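Please read each point alongside the sequence and the structure.

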Amino acid sequence: MSASVSARGRVATYAHRGSSGMAPENTAAAFALAIAEGADYVETDVQLSADGELVIIHDVTLARTTDARLAFADRAPWNVHDFTLAELSKLDAGGWYDDDFAGQHILTLDELLDLLGDRIGLNLELKSPAVNPGLAHTVAARLRRRPDWIEPGARPLVVGSFDEQALRDFHAQLPTVPVALIAYDVPASEKLNDLAGWVHSVNPDIRRLRSEDVARVLEAGMAVVPWTVDSPALWRWAVEAGVDAMITNYPYALNSMLRDG
Ligand code: G3P
Ligand code: CA
């Protein structure tokens, strides 16, 4: 078997929060870089603003990846869902990473879909549904207005979550969109057989993944897409284990390894 090909075909690359090893996560800069670097998908995180808009950000607070501490000093602990879209749009989401990226802003889901266009796939994580009630329903309703992303044969889209109930809620709304269950550990085989009826892929934590876990998911009929796989040693291990794709902060380097060995 070639180093670049899993047992079931070519290994796809997912740029985690965009090409976030080289640019501030979940910004237009990181997504544009992922496209330029030839990733197959961007992986990203969606949450709800205070006024029910869908915004692209990983943490449940703004403290780490924006200048909210300065811009809204009296609003600690800066929970995303306490801010309106108008307020979120004023924040700098790039300067924390490097001055060169100052001025990047928090994207809405629609802005992200427009930015990606037909140039790359999207792995959209329903992030922290417990603090974003109605998230699955809101995302499904918004995607329904974007047939370019949800019609069978349209742009590649996978919706994922750690939260199985949120994923079930989304699947009930838009059953033709593939869904991914994100997990720390691969579930027991009996559970995998249940999931196989409606789940496209299991996305496990690479730090806890064993090759027998990969085999069990494949045997159940689902794909395996581990996160977050960032070293050549782990890339090679995962290829040999037979994963279908890898979520990485360094898609350019992963693609180079997959191409050149
Ligand atoms: O989609 C898998 C991975 O992104 C889950 O972890 O914390 O980076 O969202 P996290
Ligand atoms: Ca994520």
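Two strands are said to pair if DSSP finds at least two bridges between them. Helices (H or I, at least four residues) and strands (E, at least two) are DSSP runs, numbered from the N terminus. This is a predicted model, in which local features need pLDDT of at least 70 and side-chain atom pairs count only at pLDDT 80 or more, while totals for chains, interfaces and linings use all residues. Residues are numbered from 1 along each chain as its sequence is written, and chains are lettered from A and ligands numbered from 1 in the order in which they are written.

1. Strand pairing. Strand E3 (residues 12-16) pairs with E11 in the parallel sense, over 4 bridges. Within E11, Ile-247 is the bridge partner of Tyr-14.

2. Side-chain directions in E11. Strand E11 covers residues 245-248; Ala-245 and Ile-247 point one way, Met-246 and Thr-248 point the other way, and all are buried. A residue is buried if 20 or more other C-beta atoms lie within 10 Å of its own, exposed if 12 or fewer, and partly exposed in between, with C-beta atoms placed from the backbone.

3. Surroundings of ligand 1. Which residues surround ligand 1? They are His-16, Glu-43, Asp-45, His-58, Glu-125, Gly-160, Ile-182, Asn-203, Trp-227 and Ile-247. A residue is near a molecule if its C-beta atom, placed from the backbone, lies within 6 Å of it. By class, this shell holds 3 nonpolar, 4 polar and 3 charged residues. Here Ala, Val, Leu, Ile, Met, Phe, Trp, Tyr, Cys and Pro count as nonpolar, Asp, Glu, Lys and Arg as charged, and the others, Gly among them, as polar. Ile-247 of the shell is also the bridge partner of Tyr-14.

4. Cis peptide bonds. Most residues other than glycine have a negative phi, and most peptide bonds are trans. The bond joining Ala-76 and Pro-77 is cis, with omega about 5°, and Pro-77 is found in the loop between helix H2 (68-71) and H3. The peptide bond from Trp-227 to Thr-228 is also cis, with omega near -25°. Thr-228 lies in the loop between strand E10 (223-224) and helix H10 (232-241), and Trp-227 is one of the residues around ligand 1.

5. Positive phi values. Arg-17 has a phi near 60°, a positive value in a residue other than glycine. Arg-17 is placed in the loop between E3 and helix H1 (28-36), and counts as buried because 26 C-beta neighbours lie inside 10 Å. Ser-128 has a positive phi near 50° and lies in the loop between strand E6 (121-126) and H5. Ser-128 is buried, with 20 other C-beta atoms within 10 Å.

6. Helices H5 and H7. The axes of H5 (residues 135-144) and H7 (residues 164-173) come within 8 Å and cross at roughly 30°. The two helices are therefore roughly parallel to each other, a term for angles under 35 degrees, with over 145 counting as roughly antiparallel, 65 to 115 as roughly perpendicular and the rest as oblique. Axes are lines fitted to C-alpha atoms, for helices over the stretch in contact, and angles run from 0 to 180 degrees between N-to-C directions. The crossing of H5 and H7 is right-handed; a crossing is right-handed if the near helix is turned clockwise from the far one by less than a right angle, and left-handed if anticlockwise.
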